[in-house]
Amino acid sequence: MLLQFLSGARRVLVPGLLCILAAGCTTTAKLNSFAELSKVGIAYSDAAGAVIDQAADGSIDADTATLLVTRELEDDPAKRRQALTDQSKALREQLAVFSRIRRHQELIKEYFVTLGALADAGDADSAIGSSAGGIIAALGKLSPGFENLKFGDQSVKDFTEQAVPLLVANLRSRALEQELRTNGKAIDRELLASEALMGFLAEKIQADDAAVQGPREADAVFTPYIRGEDLPDDWPATRQAFLERSVDMSAVGNAQAAARKLRTALTAASEGRLAPGQLQLLVNDLTALVEILENVKGKP
Amino acid sequence: MATPGENRDQLIRDLRATRTQLMSAEWLSMIREAPKPQRQAAADNLMKVQLALLDLETQALAAFRDQLIENEGDIAASSKRMRMALARLESTAKVLKAVGDFIGVVARVVTLF
């Protein structure tokens, strides 16, 4: 009876399974794109987090630099106290906002981590295929005829072990596409806001850095040069470092471009037209950005 | 006509440019040599500019924060749905294994008789 049922089912199942196998490559390619997208999303979240941290630290540094200059130029203790009190209060308020934005960034990272877990099954799908193959093998013990059943050159067990993971992969791919269609607008809004925020922070980081570097440059470059004393041996190199730093800082603006590219990539992925090259370029941008931020901390 | 947000952003840029000027090496090398009243006036200006800048930047950041928080519900829900889809796939594997084990037991019992 089981064999009769399976013989009938074979006429229906074989074309279906062949279609699944044929579509398997497309599904795998889509899942790979989603997995890469997840990696880029995580890299972006990390880079954006680094930008936010740098902006918050830079804000403190710039404020401290202005207080030091104020103290140098103003010798009235009451005015010094007022400057320190008022600026500290205003800065604390700003840092509280930074802190909330930073927490939000963790939520976005979690989103991309989850997207990656759903896209990148690892061995999970083949485990499901093995389990399905195990059922077929067990059924074969119940009915020896079933064990010999063939689809083309392959046994039903072999066929099941290949087709089931592809079916599961297809379910993953559909779940991801559905999710991006359902929630694509929220992610798009998120990245639009993030893009504008990165632009704002890039300008802030550069402006705060300029405020920090001004007094340092005055002490290390201007004062020795103007006073007519012997210049230190490293004076030309010191001057060069200050001149080149402003060029380095302009690259911080890449954060905004990275957000825009990630948004484009997400839209492309939800429409099934994501080109792998798009992602590699984005990874390069994000890596460069994090390197720039790390370098900025130590110079000059 | 510019929006209040655009006016604020322009003002922030202007204040940053002013602060950069007041903190520049060129300006500091001059003002340090200036008479006391000029130095005090420069210090007073710098403090006012810095305070105004901090306040306006905080306002701008708060606006970004509000936009981002607005999306948090949808993004958290999306993450939850994806986790549930993942859990369903994992439970599929468990069910298949359980069924396979059960049929295996049945097969062993049947072969005994």
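Mentor: Quick definition before we start: a contact means heavy atoms within 4.5 Å. Keep in mind that this is a predicted model, where local features need pLDDT of at least 70, side-chain atom pairs count only at pLDDT 80 or more, and totals for chains, interfaces and linings use all residues. Residues are numbered from 1 along each chain as its sequence is written, chains are lettered from A and ligands numbered from 1 in the order in which they are written, and side-chain values use heavy atoms, with hydrogens and water left out.

Trainee: What percentage of the residues in chain A is buried?

Mentor: Buried means under 20% relative accessible area, exposed is over 50%, and partly exposed is in between (1.4 Å probe, protein chains only). By that rule the buried part of the 113 residues in chain B is 39%. For the 300 residues of chain A, the figure is 46%.

Trainee: Which residue of chain B does A:Leu201 touch?

Mentor: Leave out residues up to four places away in sequence. Then A:Leu201 touches A:Val51, A:Ile52, A:Ala55 and A:Phe98 in its own chain, and across in chain B, B:Leu61.

Trainee: Which residues in chain A lose the most area to chain B?

Mentor: Buried area is the accessible area (1.4 Å probe) that two parts lose on being put together, summed over both. Chains A and B bury about 5,900 Å² between them, 68% of it on carbon and sulfur atoms. Together making up 11% of what the chain A side buries, the residues that lose the most are A:Leu73, A:Ile135 and A:Phe200.

Trainee: How many residue pairs are in polar contact across the interface of chain A and chain B?

Mentor: Salt bridges first: a side-chain nitrogen of Lys or Arg within 4 Å of a carboxyl oxygen of Asp or Glu. The rule finds ten across this interface, including B:Arg13 with A:Glu203, whose closest N and O atoms are 3.2 Å apart. A polar contact is a pair of N or O atoms within 3.5 Å; within protein, one must be able to donate a hydrogen and the other to accept it, and residues adjacent in sequence count only if both atoms are side-chain atoms. Between chains A and B, with both residues at pLDDT 80 or more, the count of pairs is 17.

Trainee: Which element gives the most to the side of chain A that touches chain B?

Mentor: The elements of chain A that give two or more residues to that side are H1, helix H2 (77-119), helix H3 (124-142) and helix H5 (156-227). With 32 residues, the one that gives the most is H5(A).

Trainee: Which residue has its side chain in polar contact with the side chain of A:Gln94?

Mentor: A:Gln94 lies in helix H2 of chain A and counts as buried because its relative accessibility is 0%. Leaving aside neighbours within four places in sequence, its contacts include A:Ser59, A:Lys204 and B:Leu54. At 3.3 Å, the side-chain partner of A:Gln94 in the polar contact is B:Glu57.

Trainee: Is A:Leu115 buried or exposed?

Mentor: A:Leu115 is in helix H2 of chain A. Beyond four places in sequence, it touches A:Phe34, A:Ser38, A:Leu176 and B:Met82. Because its relative accessible area is 1%, A:Leu115 is buried.

Conventions: Helices (H or I, at least four residues) and strands (E, at least two) are DSSP runs, numbered from the N terminus.
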